[in-house]
Amino acid sequence: MSPPDTARPPDSRPPFRPNVEAERRALRSRAWWIAGLYAAAALLWIYFSDQALGLLIDDQALLVKVSVYKGFFFVGVTAILLLVVLRQIFGAIAAHQAEIIRLQRLYAALSQINQSIVWSTSREELFERVCRVLTEYGGIRLAWLGWNDPATHRLTPVAIAGTAADYPASLEIYTDERPEGQGPLGRTFRIQRPYVTNNLQADPSLRMRHEALRRHNLRSAVYLPVRDGDQPGGVLAVYADEVDFFRPREVELLTEATSDLAFGLDNLRREAERRAAAAAGEGAPRFTAQL
(Lines give C-alpha, C1' and ligand atoms only; values in the text may rest on other atoms or scores of the structure.)
Protein backbone atom coordinates (compact mmCIF):
# COMPACT_ATOMS: atom_id res chain seq x y z
CA MET A 1 0.00 0.00 0.00
CA SER A 2 1.39 3.37 -0.95
CA PRO A 3 0.78 6.14 1.59
CA PRO A 4 -2.06 8.50 0.65
CA ASP A 5 -1.22 12.06 -0.29
CA THR A 6 -3.00 13.41 2.79
CA ALA A 7 -1.01 11.32 5.28
CA ARG A 8 1.16 13.08 7.80
CA PRO A 9 4.86 12.31 7.35
CA PRO A 10 5.93 9.80 10.00
CA ASP A 11 9.07 11.70 10.96
CA SER A 12 7.57 15.21 11.06
CA ARG A 13 7.32 15.37 14.84
CA PRO A 14 10.40 16.94 16.49
CA PRO A 15 11.98 14.72 19.16
CA PHE A 16 11.45 15.71 22.77
CA ARG A 17 14.61 17.29 24.13
CA PRO A 18 14.55 18.69 27.66
CA ASN A 19 16.52 21.90 28.22
CA VAL A 20 19.23 20.28 30.31
CA GLU A 21 21.44 23.39 30.52
CA ALA A 22 18.57 25.54 31.79
CA GLU A 23 17.75 22.92 34.42
CA ARG A 24 21.39 22.84 35.55
CA ARG A 25 21.46 26.63 35.86
CA ALA A 26 18.28 26.53 37.92
CA LEU A 27 19.77 23.90 40.24
CA ARG A 28 23.00 25.88 40.64
CA SER A 29 21.02 29.04 41.42
CA ARG A 30 18.96 27.19 44.01
CA ALA A 31 22.14 25.79 45.60
CA TRP A 32 23.63 29.30 45.91
CA TRP A 33 20.42 30.56 47.51
CA ILE A 34 20.46 27.76 50.08
CA ALA A 35 24.14 28.30 50.86
CA GLY A 36 23.65 32.06 51.16
CA LEU A 37 20.65 31.73 53.46
CA TYR A 38 22.50 29.24 55.63
CA ALA A 39 25.57 31.49 55.91
CA ALA A 40 23.44 34.54 56.77
CA ALA A 41 21.43 32.64 59.39
CA ALA A 42 24.60 31.18 60.92
CA LEU A 43 26.34 34.55 61.19
CA LEU A 44 23.28 36.24 62.69
CA TRP A 45 22.77 33.41 65.18
CA ILE A 46 26.42 33.39 66.29
CA TYR A 47 26.61 37.16 66.69
CA PHE A 48 23.34 37.84 68.47
CA SER A 49 23.38 34.70 70.61
CA ASP A 50 26.90 35.50 71.83
CA GLN A 51 25.81 39.04 72.62
CA ALA A 52 22.81 37.79 74.56
CA LEU A 53 24.84 35.24 76.53
CA GLY A 54 27.46 37.88 77.38
CA LEU A 55 24.72 40.04 78.90
CA LEU A 56 23.11 37.20 80.84
CA ILE A 57 26.15 35.26 82.17
CA ASP A 58 29.03 36.82 84.07
CA ASP A 59 30.87 33.59 84.90
CA GLN A 60 33.35 32.98 82.04
CA ALA A 61 33.60 29.22 82.64
CA LEU A 62 29.81 28.89 82.54
CA LEU A 63 29.70 31.13 79.48
CA VAL A 64 32.11 28.85 77.61
CA LYS A 65 30.11 25.77 78.60
CA VAL A 66 26.80 27.30 77.50
CA SER A 67 28.37 28.46 74.22
CA VAL A 68 29.43 24.88 73.47
CA TYR A 69 25.89 23.61 74.07
CA LYS A 70 24.60 26.49 71.96
CA GLY A 71 26.83 25.34 69.11
CA PHE A 72 25.57 21.77 69.43
CA PHE A 73 21.99 23.03 69.33
CA PHE A 74 22.67 25.13 66.24
CA VAL A 75 24.30 22.23 64.39
CA GLY A 76 21.43 19.90 65.24
CA VAL A 77 18.71 22.32 64.17
CA THR A 78 20.42 23.31 60.92
CA ALA A 79 21.16 19.67 60.09
CA ILE A 80 17.45 18.85 60.40
CA LEU A 81 16.48 21.86 58.29
CA LEU A 82 19.02 20.97 55.61
CA LEU A 83 17.75 17.38 55.58
CA VAL A 84 14.19 18.58 55.00
CA VAL A 85 15.25 21.00 52.25
CA LEU A 86 17.47 18.45 50.49
CA ARG A 87 14.78 15.78 50.61
CA GLN A 88 12.36 18.18 48.94
CA ILE A 89 14.92 19.18 46.31
CA PHE A 90 15.98 15.64 45.46
CA GLY A 91 12.35 14.53 45.47
CA ALA A 92 11.48 17.28 43.00
CA ILE A 93 14.48 16.35 40.82
CA ALA A 94 13.47 12.68 40.80
CA ALA A 95 9.87 13.55 39.92
CA HIS A 96 11.04 15.86 37.14
CA GLN A 97 13.35 13.20 35.70
CA ALA A 98 10.52 10.65 35.82
CA GLU A 99 8.26 13.03 33.91
CA ILE A 100 10.95 13.60 31.28
CA ILE A 101 11.20 9.84 30.78
CA ARG A 102 7.40 9.55 30.48
CA LEU A 103 7.26 12.36 27.92
CA GLN A 104 10.12 10.90 25.89
CA ARG A 105 8.31 7.56 25.75
CA LEU A 106 5.04 9.16 24.72
CA TYR A 107 6.75 11.21 22.01
CA ALA A 108 8.27 7.98 20.70
CA ALA A 109 4.83 6.37 20.77
CA LEU A 110 3.30 9.28 18.83
CA SER A 111 5.96 8.96 16.17
CA GLN A 112 5.14 5.26 15.82
CA ILE A 113 1.41 6.04 15.70
CA ASN A 114 2.04 8.39 12.78
CA GLN A 115 3.80 5.57 10.96
CA SER A 116 0.89 3.28 11.73
CA ILE A 117 -1.47 5.82 10.17
CA VAL A 118 0.54 5.76 6.97
CA TRP A 119 0.89 2.00 6.60
CA SER A 120 -2.27 0.51 8.13
CA THR A 121 -4.59 -0.96 5.51
CA SER A 122 -7.71 -1.38 7.67
CA ARG A 123 -9.41 0.08 10.73
CA GLU A 124 -8.76 -3.11 12.69
CA GLU A 125 -5.05 -3.00 11.90
CA LEU A 126 -4.84 0.67 12.84
CA PHE A 127 -6.65 0.10 16.15
CA GLU A 128 -4.37 -2.80 17.06
CA ARG A 129 -1.22 -0.87 16.14
CA VAL A 130 -2.17 2.20 18.18
CA CYS A 131 -2.84 0.17 21.33
CA ARG A 132 0.29 -1.92 20.86
CA VAL A 133 2.48 1.14 20.26
CA LEU A 134 1.24 2.83 23.44
CA THR A 135 2.22 -0.19 25.55
CA GLU A 136 5.49 -1.01 23.78
CA TYR A 137 6.82 2.55 23.36
CA GLY A 138 4.79 4.73 25.72
CA GLY A 139 5.40 2.97 29.02
CA ILE A 140 1.68 2.19 29.34
CA ARG A 141 0.52 -0.93 31.19
CA LEU A 142 -2.79 -1.36 29.37
CA ALA A 143 -4.36 0.35 26.35
CA TRP A 144 -7.65 -0.66 24.83
CA LEU A 145 -10.07 0.90 22.39
CA GLY A 146 -13.80 0.58 22.94
CA TRP A 147 -15.98 1.22 19.87
CA ASN A 148 -19.62 2.20 20.09
CA ASP A 149 -22.20 -0.14 18.56
CA PRO A 150 -25.03 2.17 17.35
CA ALA A 151 -27.55 -0.65 17.53
CA THR A 152 -26.91 -1.65 21.17
CA HIS A 153 -25.05 1.45 22.45
CA ARG A 154 -22.47 -0.88 23.95
CA LEU A 155 -18.81 0.09 24.05
CA THR A 156 -17.18 -3.04 22.66
CA PRO A 157 -13.40 -3.64 22.93
CA VAL A 158 -12.00 -3.77 19.39
CA ALA A 159 -8.27 -3.61 20.24
CA ILE A 160 -6.38 -4.46 23.44
CA ALA A 161 -2.66 -4.43 24.29
CA GLY A 162 -0.69 -4.69 27.51
CA THR A 163 -0.06 -6.95 30.47
CA ALA A 164 -3.61 -6.67 31.83
CA ALA A 165 -5.31 -7.53 28.55
CA ASP A 166 -8.07 -9.61 30.18
CA TYR A 167 -9.39 -6.68 32.23
CA PRO A 168 -11.53 -5.01 29.47
CA ALA A 169 -13.33 -8.31 28.81
CA SER A 170 -14.86 -8.10 32.31
CA LEU A 171 -16.45 -4.71 31.62
CA GLU A 172 -19.98 -4.01 30.44
CA ILE A 173 -20.13 -0.37 29.37
CA TYR A 174 -22.79 1.49 27.45
CA THR A 175 -22.77 4.93 25.89
CA ASP A 176 -26.38 5.92 26.56
CA GLU A 177 -28.01 7.07 29.81
CA ARG A 178 -28.65 3.66 31.36
CA PRO A 179 -26.91 2.90 34.70
CA GLU A 180 -24.08 0.99 32.94
CA GLY A 181 -23.34 4.14 30.99
CA GLN A 182 -22.87 6.46 33.96
CA GLY A 183 -19.24 5.55 34.60
CA PRO A 184 -16.22 7.48 33.32
CA LEU A 185 -16.03 5.66 29.99
CA GLY A 186 -19.69 6.22 29.12
CA ARG A 187 -19.54 9.87 30.14
CA THR A 188 -16.34 10.38 28.16
CA PHE A 189 -18.11 9.15 25.04
CA ARG A 190 -21.16 11.36 25.58
CA ILE A 191 -19.47 14.63 26.54
CA GLN A 192 -16.43 14.10 24.26
CA ARG A 193 -13.88 15.25 26.82
CA PRO A 194 -10.98 13.32 28.40
CA TYR A 195 -11.47 11.92 31.89
CA VAL A 196 -8.33 11.69 34.03
CA THR A 197 -8.13 9.70 37.26
CA ASN A 198 -4.65 9.61 38.76
CA ASN A 199 -5.60 7.34 41.64
CA LEU A 200 -8.04 4.64 40.59
CA GLN A 201 -8.40 3.29 44.12
CA ALA A 202 -9.59 6.70 45.33
CA ASP A 203 -12.07 7.29 42.49
CA PRO A 204 -15.60 6.78 43.87
CA SER A 205 -17.07 6.33 40.38
CA LEU A 206 -14.97 3.15 40.01
CA ARG A 207 -15.52 1.66 43.46
CA MET A 208 -17.17 -1.46 41.99
CA ARG A 209 -13.95 -2.16 40.05
CA HIS A 210 -11.38 -1.36 42.73
CA GLU A 211 -10.60 -5.02 43.42
CA ALA A 212 -10.12 -5.88 39.73
CA LEU A 213 -8.00 -2.79 39.17
CA ARG A 214 -5.82 -3.63 42.17
CA ARG A 215 -5.45 -7.24 40.97
CA HIS A 216 -4.23 -6.05 37.57
CA ASN A 217 -1.96 -3.39 39.12
CA LEU A 218 -3.74 -0.53 37.36
CA ARG A 219 -3.16 2.62 39.42
CA SER A 220 -4.12 5.55 37.16
CA ALA A 221 -5.95 6.03 33.89
CA VAL A 222 -7.12 8.48 31.26
CA TYR A 223 -10.10 7.93 28.97
CA LEU A 224 -10.07 9.83 25.68
CA PRO A 225 -12.85 10.20 23.09
CA VAL A 226 -12.10 9.16 19.52
CA ARG A 227 -13.96 10.72 16.60
CA ASP A 228 -15.10 8.78 13.56
CA GLY A 229 -15.53 11.44 10.91
CA ASP A 230 -17.94 14.03 12.31
CA GLN A 231 -19.44 11.58 14.85
CA PRO A 232 -18.25 10.12 18.17
CA GLY A 233 -16.72 6.73 17.47
CA GLY A 234 -15.29 5.27 20.63
CA VAL A 235 -13.07 5.73 23.68
CA LEU A 236 -9.36 5.03 24.08
CA ALA A 237 -8.64 3.84 27.63
CA VAL A 238 -5.03 4.09 28.79
CA TYR A 239 -3.78 2.77 32.16
CA ALA A 240 -0.49 3.06 34.06
CA ASP A 241 0.88 1.06 36.98
CA GLU A 242 1.75 4.12 39.05
CA VAL A 243 -0.24 6.88 40.70
CA ASP A 244 -0.14 10.40 39.21
CA PHE A 245 1.15 9.20 35.86
CA PHE A 246 -1.12 11.33 33.69
CA ARG A 247 -0.03 14.92 34.22
CA PRO A 248 -1.29 17.73 31.94
CA ARG A 249 1.50 17.32 29.40
CA GLU A 250 1.00 13.56 29.24
CA VAL A 251 -2.74 14.01 28.71
CA GLU A 252 -2.04 16.58 26.00
CA LEU A 253 0.17 14.13 24.11
CA LEU A 254 -2.38 11.32 24.43
CA THR A 255 -5.11 13.65 23.22
CA GLU A 256 -2.93 14.34 20.19
CA ALA A 257 -2.69 10.57 19.69
CA THR A 258 -6.48 10.32 19.47
CA SER A 259 -6.51 13.19 16.98
CA ASP A 260 -3.94 11.30 14.90
CA LEU A 261 -6.08 8.18 15.16
CA ALA A 262 -9.14 10.07 13.90
CA PHE A 263 -7.00 11.44 11.05
CA GLY A 264 -5.97 7.89 10.18
CA LEU A 265 -9.60 6.78 10.08
CA ASP A 266 -10.38 9.64 7.70
CA ASN A 267 -7.48 8.53 5.49
CA LEU A 268 -8.77 4.96 5.37
CA ARG A 269 -12.26 6.17 4.54
CA ARG A 270 -11.01 8.37 1.70
CA GLU A 271 -8.86 5.55 0.36
CA ALA A 272 -11.84 3.15 0.42
CA GLU A 273 -13.98 5.71 -1.40
CA ARG A 274 -11.26 6.27 -4.00
CA ARG A 275 -10.93 2.56 -4.66
CA ALA A 276 -14.71 2.13 -4.87
CA ALA A 277 -14.91 4.98 -7.36
CA ALA A 278 -12.06 3.50 -9.39
CA ALA A 279 -13.71 0.07 -9.38
CA ALA A 280 -17.02 1.60 -10.44
CA GLY A 281 -15.29 3.41 -13.26
CA GLU A 282 -13.60 0.24 -14.49
CA GLY A 283 -16.89 -1.65 -14.40
CA ALA A 284 -18.90 0.98 -16.27
CA PRO A 285 -19.86 0.03 -19.86
CA ARG A 286 -17.75 1.60 -22.59
CA PHE A 287 -19.32 2.73 -25.88
CA THR A 288 -17.31 2.87 -29.04
CA ALA A 289 -18.41 5.27 -31.73
CA GLN A 290 -19.50 3.52 -34.93
CA LEU A 291 -18.22 5.13 -38.09
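Is Phe-127 buried or exposed? I looked this up before anything else. Phe-127 has a relative accessibility of 4%. Buried means under 20%, so Phe-127 counts as buried. I keep in mind that this is a predicted model.

**Entry: confidence**

The average pLDDT is 85. A score of at least 70 is reached by 87% of the residues. I then looked at residues 1-13, where the pLDDT is below 50. That stretch still has 28 contacts in the model beyond near neighbours in sequence.

**Entry: the sheet**

I traced the strands next. Five of them make an open sheet, in the order E2-E1-E5-E4-E3. The pairing is antiparallel. Which strands sit at the edges? I found strand E2 (154-162) and strand E3 (195-197), each pairing on one side only. On average, neighbouring strands are turned by 20° against each other, direction ignored.

I followed one pairing in detail. Strand E1, residues 142-149, runs antiparallel to strand E5, residues 231-240. I noted six bridges between E1 and E5. Leu-142 stands opposite Tyr-239 of E5.

**Entry: helices on the sheet**

I turned to what packs on the sheet. Helix H3, residues 123-136, touches E1, E2, E5 and strand E4 (220-228). The direction of H3 makes about 50° with that of E2. Helix H4, residues 184-191, also packs on the sheet. H4 touches E1, E2, E3, E4 and E5. Its direction makes about 140° with that of E5.

Which residues of H4 are buried? I listed Pro-184, Leu-185, Gly-186, Thr-188 and Phe-189. The cover over these buried residues includes E1, E2, E3, E4 and E5. Just after H4, I noted Gln-192 with a positive phi of about 60°.

**Entry: aromatic pairs**

How many aromatic pairs are there? I count five. I looked closely at Phe-127 and Trp-147. Their ring centres are 5.0 Å apart. Their planes meet at 40°, so the pair is tilted. Trp-147 has 12% relative accessibility, so it counts as buried.

I then took Tyr-195 and Tyr-223. This pair is stacked, at 6.1 Å centre to centre with 15° between the planes. It also links distant parts of the chain: Tyr-195 is in strand E3 and Tyr-223 in strand E4, 28 residues apart. Tyr-223 is buried because its relative accessible area is 1%. Tyr-195 is partly exposed, because its relative accessible area is 21%. I wrote the cut-off beside that value, since buried means under 20%.

Which residues form one aromatic cluster? I found Tyr-167, Tyr-195, Tyr-223 and Tyr-239.

**Entry: charges over rings**

I ended with arginines over rings. The charged end of Arg-178 sits over the ring of Tyr-174, 4.0 Å from its centre. The charged end of Arg-102 sits over the ring of Phe-245, 5.3 Å from its centre.

Key
Residues are numbered from 1 along each chain as its sequence is written. This is a predicted model: local features need pLDDT of at least 70, side-chain atom pairs count only at pLDDT 80 or more; totals for chains, interfaces and linings use all residues. Side-chain values use heavy atoms; hydrogens and water are left out. Two strands pair if DSSP finds at least two bridges between them. Helices (H or I, at least four residues) and strands (E, at least two) are DSSP runs, numbered from the N terminus. Axes are lines fitted to C-alpha atoms, for helices over the stretch in contact, and angles run from 0 to 180 degrees between N-to-C directions. Contact means heavy atoms within 4.5 Å. Buried means under 20% relative accessible area, exposed over 50%, partly exposed in between (1.4 Å probe, protein chains only). pLDDT is the predictor's confidence in each residue, from 0 to 100. Rings of Phe, Tyr and Trp (its six-membered ring) pair if their centres lie within 6.5 Å; planes under 30 degrees apart count as stacked, over 60 as edge-to-face and the rest as tilted. A charge sits over a ring if NZ of Lys or CZ of Arg is within 6 Å of the ring centre and within 35 degrees of the ring normal.
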